[in-house]
Amino acid sequence: MTKILMVCLGNICRSPLAEGILRSKLSDKFIVDSAGTGGWHAGELPDKRSIEIAKKKGLDITSQRARKFTTKDFSEFDLIYAMDNSNLKDILQLAPNENAKKKVHLILNEIHPNENKDVPDPYYGLNDGFEKVYNMLDECCDVIAKKMMI
Ligand code: 4NP
């Protein structure tokens with residue numbers, strides 16, 4: 001059983017989309033979850049704009065609830081994907097050892113290797129930011145899913 005965790009700041013915009021998209025591409029032999037480096041939105045539904053774009057693309061993400069990333073996640077999960085460099089830094093600061101650090105990757109490096117790009121935070125932006133983020137994450141998750149099937 002491979003366990004994959006998607007992480008952003010609030011766990012209401014980007015990582016819930018990444019969770020829903022990747023889960024839709026993998027069998028139930030995989031566990032996909034998401035969390036936020038910040039806990040302000042813990043217990044909340046994904047942002048309504050994420051719910052809306054997911055629905056438009058055929059995914060229901062309304063069973064998800066936000067939660068805060070914890071050090072326990074390093075032992076729970078095999079792979080941890082950060083949405084941006086700030087998330088990456090915050091996650092790595094909590095890593096208990098080198099093995100834990102090796103589990104953490106920037107998600108956009110899956111489609112732009114070694115470029116260390118950020119998935120832009122759409123929270124304060126216009127609605128089309130959510131569609132752009134969705135499409136980026138969809139491409140990344142295609143690559144991740146293909147790797148998992150090998
Ligand atoms: P996310 O977006 O990290 O993609 O979930 C954000 C959601 C909420 C906040 C920031 C980013 N916030 O400051 O409350």
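Trainee: Which residues surround the ligand in this predicted model?

Mentor: Remember that we're looking at a predicted model. Around the ligand, the shell divides into six nonpolar, three polar and two charged residues. By name, the ligand is surrounded by Cys 8, Leu 9, Gly 10, Asn 11, Ile 12, Cys 13, Arg 14, His 41, Asp 121, Tyr 123 and Tyr 124.

Trainee: Which residue puts a polar side-chain atom 2.8 Å from an oxygen atom of the ligand?

Mentor: Let's sort backbone from side chain. Leu 9 has a backbone N or O atom 2.9 Å from a ligand oxygen, and Gly 10 has a polar backbone atom 2.8 Å from one. For a polar side-chain atom at 2.8 Å, the residue you want is Arg 14.

Trainee: And how much of the ligand does the protein bury?

Mentor: Start with the ligand taken alone, which exposes 360 Å². Of that area, the protein buries 91%.

Trainee: Which side chain does Ser 15 join in a polar contact of 2.9 Å?

Mentor: Ser 15 is in helix H1 and is buried, with a relative accessible area of 0%. Not counting residues up to four places away in sequence, Ser 15 touches Met 6, Val 7, Cys 8, Ser 34, Ala 35 and Met 83. The 2.9 Å polar contact, though, joins its side chain to that of Asn 11.

Trainee: Now the inside. Which element gives the largest share of the largest nonpolar core?

Mentor: That core has 32 residues, and those with the most contacts inside it include Ile 4, Met 6 and Leu 137. Elements giving two or more residues to it include strand S1 (2–8), helix H1 (14–25) and helix H6 (128–149). The largest share is eight residues, and it comes from H6.

Trainee: How many residues does the other core have?

Mentor: Nonpolar side chains tend to be buried together in soluble globular proteins. Here another core lies apart from the 32-residue one. It includes Leu 5, Ala 35, Phe 77 and Ile 91, and its residue count is 14.

Trainee: How far apart in space are Asp 47 and Pro 122?

Mentor: Asp 47 is in the loop between S2 and H2, and it is buried, with a relative accessible area of 11%. It touches Ile 12, Cys 13, Tyr 123 and Phe 130, not counting residues up to four places away in sequence. Asp 47 and Pro 122 are 75 residues apart in sequence, but C-alpha to C-alpha their separation in space is 10 Å.

Trainee: Last one: is Asn 114 buried or exposed?

Mentor: Asn 114 lies in the loop between strand S4 (104–106) and H6, and its phi is positive, near 65 degrees. Its relative accessible area is 70%, and the cut-off is over 50%, so Asn 114 is exposed.

How values were computed
Residues numbered from 1 in each chain as written. Predicted model: local features only at pLDDT ≥ 70, side-chain atom pairs only at ≥ 80, totals over all residues. Heavy atoms only, no water. Near = heavy atom within 4 Å. Polar contact = N/O pair within 3.5 Å; in protein donor to acceptor, adjacent residues only side chain to side chain. Areas by Shrake-Rupley, 256 points an atom, 1.4 Å probe, with all protein chains shown as cover. Nonpolar A, V, L, I, M, F, W, Y, C, P; charged D, E, K, R; others polar. Core = buried A, V, L, I, M, F, W, Y, C linked by side-chain atoms within 4.5 Å. Buried < 20%, exposed > 50% of the residue type's maximum accessible area, 1.4 Å probe, protein only. Helix = DSSP H or I, 4+ residues; strand = E, 2+ residues; numbered from the N terminus. Contact = heavy atoms within 4.5 Å.
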